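Please read it alongside the structure shown here.

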Amino acid sequence: NLLMVMSSLFSQVGVTSQKTMKLLPTVGRKATQKVAVADHDGVVTCFGMKKGEAVPVFKSLPGQKISRLELGGALGTPQEKIFVSSGSEVRGYTKKGKQFLTFEANLTESINAMHVSGADLFVCASYIYNHYCDCKDQDYFLSGDKINDVLCLPVETVGRIVPILACQDRVLRVLQGSDLQYDVEVPGPPTVLELLNRDGGKGGEEVLYGTADGKLGLVQITKSGPITSWELDNEKKKGGVLCVDTFDIVGDGVKDILVGRDDGTVEVYRLDSSNEPTLRFENVLSESVTSIQGGCVGKEMYDEVLATTYTGWVSGLTTEPQQMVAGPGDEIKMSRETQGKVAALRAELEQLQVKVLQGREKYQQSSQSSTAVSAVPVFSINDKFTLCQDDASYSLTLEVQTAIDNLLLQSDVPIDLLDVEKNSAVVSFSECDSESNGNFLLATYRCQANTTRLELKVRSIEGQYGTLQAYVTPRLQPKTCQVRQYQIKPLSLHQRTHAIDQERPMNTLRLTGQFSFAEIHSWVVFCLPEVPEKTPAGDSITFYFQNTFLGTQLEATYCKGEANFKSDNISTISILKDVLSKEATKRKINLNTSYEVNEDSVSHTLRMIHPKLEYQLILAKKVQLIDALKELQVHEGNADFLIPEYRSILDESAQLLEEYKKQPAHLERLYGMITDLFIDKFKFKGQNVKTKVSQLLAILNNYELDSLMDFFSEA
C-alpha cells in the first residue's frame, strides 16, 4: 500500500478559489518544482522550497479576487506561463513574475472558469462561454445552466479545437465552434474537468470529471459521441469533488488519479489492469481542498501530493520516509537538517507569540480610548446548501477563514435537524413560538476550539416553504456576525433527472393564462430546486424531476401562456396547484386551471411508500424491545435461551439505536405523506375528508398495505 506522510506546511496565502494552484514544469532532470498560487486578495504568489523553507520567487500586487489560475505557453513548449482570471480580466505572468498580458474580456459578469491552450483562451462567466484566439473574439455559446468548468481537448493530439463545458444541470456540453455538438449526461452536477494523464490519454480524448455529490468518472469524447469508461459512486458519503489531477505518485509508470474534496479529503486512486480505479491512499485535512497537484517540491527524488485549502494553506503529502526505527538502547541522532527545522519552528512560534501579545495590548488600549473608532472585521464564508439524494436531506456546509465560535439556525418552516457524525459541535434548542410569529426552529451550535468548518443536515417537508437562516459568529474581536439565507422550496425534495418512466399512472395539471415565458419560468424556479434562474432560450422547455424521498416523478413543460405538469404523486400536483395559483394572484394574473386525476396513481404511490413504512415500523418495534431484552439478559446471565430473532436484536442493538437516532420523526413523516395523499385525493373531487383522518391514523397504527388501500378506495 502507498504510504504518505503529511510533510511541512509550505506556505499560507489568502482565501483561495477552486483550481488556483499549479506546479511549474521543472528545468532539467529531477529538480524541484516551483509553486504558483493565487488568492482572493488578488495576489499571485510563486515560491520554491530550499532546505525545508519556502523561498519566494515573486509576489504580485493585490487587486480583485482571482477565480482561476492556469498554465500556458506555445504548443509543444513547456507550459510555464501563468494566467489568472479576476473579474472579467485575464492577466499573464512569466515564471519570473513579469506581467506580459492584460486582457479585458468585456463580460458583464466575472469569469468563473478558464482554460488556456497555446494562443487559444476559453473563458466562462455563469451561463456564457467565450473563445478568443490571440485575444480576438472567435466563438460564443449560451448554456442552458450555469457553467462550472471548461476544458479543451489537446489540439496537438486531436487536431481540432473541442471545448467541453461542465454544466450544473448534470451535463457536459461538447462544442464545435459556437454550436453544441452533443451532450454527455453525467450522474451529478459536474464541478471539475481534467484531461486524463494531463494529455487526454492515448487519443487525447479521455476526460475526468468530478461532481458536486462526490462522484468521479472518466468519459471519452469522440467525434461521433461520448463513451463512458467508468463511473465511481460516492458510497462512503464523502464531500463533493473540487479538484482532480493525474500524476504517477507510486513511481510504477502508471499515472494515479489525485482527488481533493470539499470535506477536506485527499485521495489517490490507482487504475488497475482493467482500467478501473481503486483507492490507494486517503488523508483528511480540516478544510476543503480547492486545488491538488502531484509533483516534486520539497526534496529531490521524493514526489508529493500538494493541496491548497480554502483558507490558503499550501501543504504537501510526501513519499519521503519521515521516521526512523530504533531498538531498545539504541540512540538516534537528529540530522542537522532536522535540528535546524526544529530550531526554526521554535523561533517562529516565539515570534508569533510576541506578535499576538503586542496585538492584544494594542487592542486593549484602543478599546479604552475615547477617540478610537471600532471597525467591524470582514471575514469570508464559503457555504453550500445541497440536496443529498441518498437520504433526501439537505446538507448545509459552512466554512469560515477563522475559527467559528457559534452558529444560530432559525427557520420559519418546520424542518428536522439530522445527526452528522463529523459534527462535534454542541447543539441546544430554544423553544419557539411558532403560532404567532411563524418561528419553527431556533438551534445554537457551540463549536469546539479551532473549528473552521461545520456540516449540518436538515430535512424539510414538501408543501411547506420559507427561509432557513444561519447566523455565523467567528472568534473575532470585536464580536461580529454574518447572516446567510437559504430558500426551502415548496417541492424541496425534488431533484433534476435526465428522463422519467412514462409508463407510470400520471396525474396532469394544466394552466393557461396571460403570463409570459419569463413569468411562468420564475414560478417554476420558486417551486423547484435545481432550475436555472435565467429564462431558457427558445419558446418552450421541459424539465424532469424525481422525489428523492419517495422516488415519485414530475414532468414540467411550459411556454408563454400555457404550462403542463405530470406526476404519479397526486400530492405533488396539489402543491403545485396551490403555490402557482398564489403566485399568479400576487401578480394579478388570471389563471385557468384544469386537471386530470388518475385513480391508479394513488395505489401506485402507496406501494412506493410501503417498503419504507414497513422498514421503519419494524425498526421502531425492534428498538422498543431492546431495553426489555437487555433486562432479561442481565437477569438470566446470558441470552442463549432467547429465540434467534431476539438474539440478533440484542447483537445489533447499537446499530439499531444509532439508525433510529439518525432518523428522527421518520415515521411521522411517512404518516404525514399518507395523510396528505388521502386529503389531496378527495380535494380534487371537491370533498373534504379531514374528519376521517383519525380513522386513517388508526389503520396506520395497525398497518397493512391491503387494509390501507381498501380504506382509500372506500372512504
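Among contacts in the chain that join residues at least 6 apart in sequence, 57% link residues at least 24 apart. The model is a predicted one, and its secondary structure comes to 11 helices and 43 strands. The radius of gyration is 29 Å, close to the 27 Å that the globule rule gives for 715 residues, so the chain is as compact as a globular protein of that length.

**Overall dimensions and surface**

- Taken along the principal axes, the C-alpha atoms of the chain fill a box of roughly 85 × 75 × 70 Å.
- Of the 715 residues in the chain, 50% are buried, while the accessible surface comes to about 34800 Å², with 49% of that area belonging to carbon and sulfur atoms.

**The annotated coiled-coil region**

- An unreviewed UniProt entry carries the annotation "coiled-coil region" for residues 335–362, and in the model this span is 96% helix and 0% strand, with its end C-alpha atoms 41 Å apart.

- When neighbours within four places in sequence are left aside, Thr45 is in contact with Val13, Val35, Ala36, Val37, Phe58 and Lys59.

**Aromatic pairs and a cluster**

- The count of aromatic pairs comes to 15; in one of them, Phe543 and Tyr558, the ring centres lie 6.4 Å apart and the planes stand at 45 degrees, so the pair is tilted.
- Phe543 lies in strand β40 (residues 540–547) and Tyr558 in strand β41 (residues 553–559), so this pair ties together parts that are 15 residues apart in sequence.
- Both partners are buried, Phe543 with a relative accessible area of 5% and Tyr558 with a relative accessibility of 1%.
- Phe543 and Tyr558 also belong to one aromatic cluster, which is formed together with Phe517 and Phe545.

**Charges over aromatic rings**

- The charged end of Lys81 sits over the ring of Phe100, at a distance of 5.9 Å from the ring centre.
- Lys534 lies over the face of Tyr127, and here the distance from the ring centre is 5.5 Å.

Methods
Residues numbered from 1 in each chain as written. Predicted model: local features only at pLDDT ≥ 70, side-chain atom pairs only at ≥ 80, totals over all residues. Heavy atoms only, no water. UniProt positions renumbered as here; feature names shortened; annotations may be inferred. Helix = DSSP H or I, 4+ residues; strand = E, 2+ residues; numbered from the N terminus. Contact = heavy atoms within 4.5 Å. Phe/Tyr/Trp six-rings, centres within 6.5 Å; stacked < 30°, edge-to-face > 60°. Buried < 20%, exposed > 50% of the residue type's maximum accessible area, 1.4 Å probe, protein only. Lys NZ or Arg CZ within 6 Å of the ring centre and 35° of its normal. Rg over C-alpha atoms; globule rule 2.2 N^0.38 Å. Areas by Shrake-Rupley, 256 points an atom, 1.4 Å probe, with all protein chains shown as cover.
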